[in-house]
Amino acid sequence: MSDEKEIDYSLANPDTLTKYRVAAGISEKVLAAVSKLCVAGEKVVTICQKGDKLIEEELAKVYRGKQSLKGFSHPTTVSPASYVTPYTPLATDAAEANIELQAGEPVKIQLGAQIDGFGSIVCDTVIVQSKDQADDVVTGRTADLILATYYANELLLRLMIPPGLLSSGSDEDKAKATAVKAPTQTKITSLLDKVAKTYECNLVESTTSWLFERNEIEGKKKIVIAPAEGTKGEGTPEVGEVWGVEIGMSLGSGKVKTLDQRATLLRRTTNTYILKSQNARKTLSTVQNKFGHFPFSLRQLEEEGGDTKYKVGVIEGVRQGVLRQYELVGDKDSSPVARLLTTLAITKNGISKLGAPPALDLSKFQSDKKITDEEILKILEQPLSKNKSKSKAKKKKPAKKADKGGDEAESDDE
């Protein structure tokens, strides 16, 4: 135990960043594969099962023979159009197991891997295509939703950069930039809301970005966008931190409601309690050994245990506070919702993505709406890191790719 306390788990330790990046590579690779599975008529539960299998296969390829624990930082979830939170149905529930994706609906895919407790979670929104349909240009309200989400996310990523971190010029100029206060969470919501309103959308209430730590995806700091009554964020981003940054956008009011479906996504809490039943203790042991303190699906417990006795253990675990269940939440108006989630590190050079949705091909989304607010456009023009613009200036080909929706394309509003 004394040796473990001496280990530096901060980003100052190169091993920490390496583990995050290995986890990110797995998360992004599986996200790309699962996105291709999301076609009309496919069952959500089948896609989730295939995604989890892919994560396990990729994890088996890394850190082989080493003591580092590895596993899921988030199970594969596929949320239909109006669902806000991650959805992972049960194979044993006939109604849930038969839910199929519909052509044209925006679905949210969220998943993640972790190495030694350093988790990378990613979420992307994809438009479901028919099996025989070409990847056509998206127009109308669906395009508005995707573009609003994209630009709001690009804006939010830049608002995560501590003031003055990327400043240049004289020492006096840098000192002035550093002295500027970070935007308040009220200001962040206000700026993001301008983007939403440009595309006639609304921010999803209480969308939360969390500080990530080792074995923890809901740290001491959080940024709450469009907070509901009684909720608020805490803290500001700083150098040396890892965050899970999330944006949610709705074609409806942005208000949410708890859906009348069972909660199938759970997580081990830090609370300790000696559970009374043998089934509950066995269930908790399985959770601890396979998932640690990261989220897991009841479906994964089904496949792990092979019987239904785990359900009794889960009920007791939730009742005693050693397990937390995430209620399934949807848009109050049952309107389509889009979400993006990026895991990032804040370094002395700016933002370093440790797992992100793929760059959006802006040429495939057409809208008659356009951002004109000068304050927002100015922020969107800023780079995410110090060295990115230099490296792209030397290489012309990557710069051309960025014009199609990369980090440098955010000022090309469409």
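Mentor: Begin with the contacts. This is a predicted model, and in the protein chain residues 24 or more positions apart account for 77% of the contacts with a separation of 6 or more.

Trainee: How many helices and strands does the protein chain have?

Mentor: The secondary structure comes to 13 helices and 14 strands. The radius of gyration is 21 Å, close to the 22 Å that the globule rule gives for 414 residues, so the chain is as compact as a globular protein of that length. Along the principal axes, the C-alpha trace spans about 65 × 55 × 45 Å.

Trainee: What share of the 414 residues is buried?

Mentor: A residue is called buried when its relative accessible area is under 20%. Here, buried residues make up 51% of the chain. The protein chain exposes about 19,500 Å², of which carbon and sulfur atoms supply 50%.

Trainee: I would next like to read a sheet. In what order do the strands of the open sheet with β9 lie?

Mentor: The order is β10-β9-β11, with antiparallel pairing. The edge strands, β10 (296-297) and β11 (323-326), each pair on one side only. Helix α8 (residues 278-291) packs on this sheet and touches β9, β10 and β11, its direction making about 85 degrees with that of β9. Helix α10 (residues 310-319) lies across β9 and β11, at about 100 degrees to β11.

Trainee: Which residue of β10 is the bridge partner of L265?

Mentor: The partner is S297. Strand β9 (residues 265-268) and β10 pair over 2 bridges.

Trainee: Let us turn to charged side chains. What is the general idea?

Mentor: Side chains of opposite charge can pair when their charged atoms come close. A search of the whole structure finds 23 salt bridges.

Trainee: Which residue forms a salt bridge with E216?

Mentor: The partner is R267, with the closest N and O atoms 2.5 Å apart. E216 lies in the loop between β5 and β6 (222-225) and R267 in strand β9, so the pair ties together parts that are 51 residues apart in sequence. Both E216 and R267 are buried.

Trainee: Is E205 buried or exposed, and which side chain does E205 meet in a salt bridge?

Mentor: E205 meets K255, at 4.0 Å from N to O. E205 counts as buried because its relative accessibility is 16%, whereas K255, at 43%, counts as partly exposed.

Note on methods: Residues are numbered from 1 along each chain as its sequence is written. This is a predicted model: local features need pLDDT of at least 70, side-chain atom pairs count only at pLDDT 80 or more; totals for chains, interfaces and linings use all residues. Side-chain values use heavy atoms; hydrogens and water are left out. Two strands pair if DSSP finds at least two bridges between them. Helices (H or I, at least four residues) and strands (E, at least two) are DSSP runs, numbered from the N terminus. Contact means heavy atoms within 4.5 Å. Axes are lines fitted to C-alpha atoms, for helices over the stretch in contact, and angles run from 0 to 180 degrees between N-to-C directions. The radius of gyration is taken over C-alpha atoms; the globule rule is 2.2 Å times the number of residues to the power 0.38. Buried means under 20% relative accessible area, exposed over 50%, partly exposed in between (1.4 Å probe, protein chains only). Accessible areas come from the Shrake-Rupley method with a 1.4 Å probe; for residues, only the protein chains shown count as cover.
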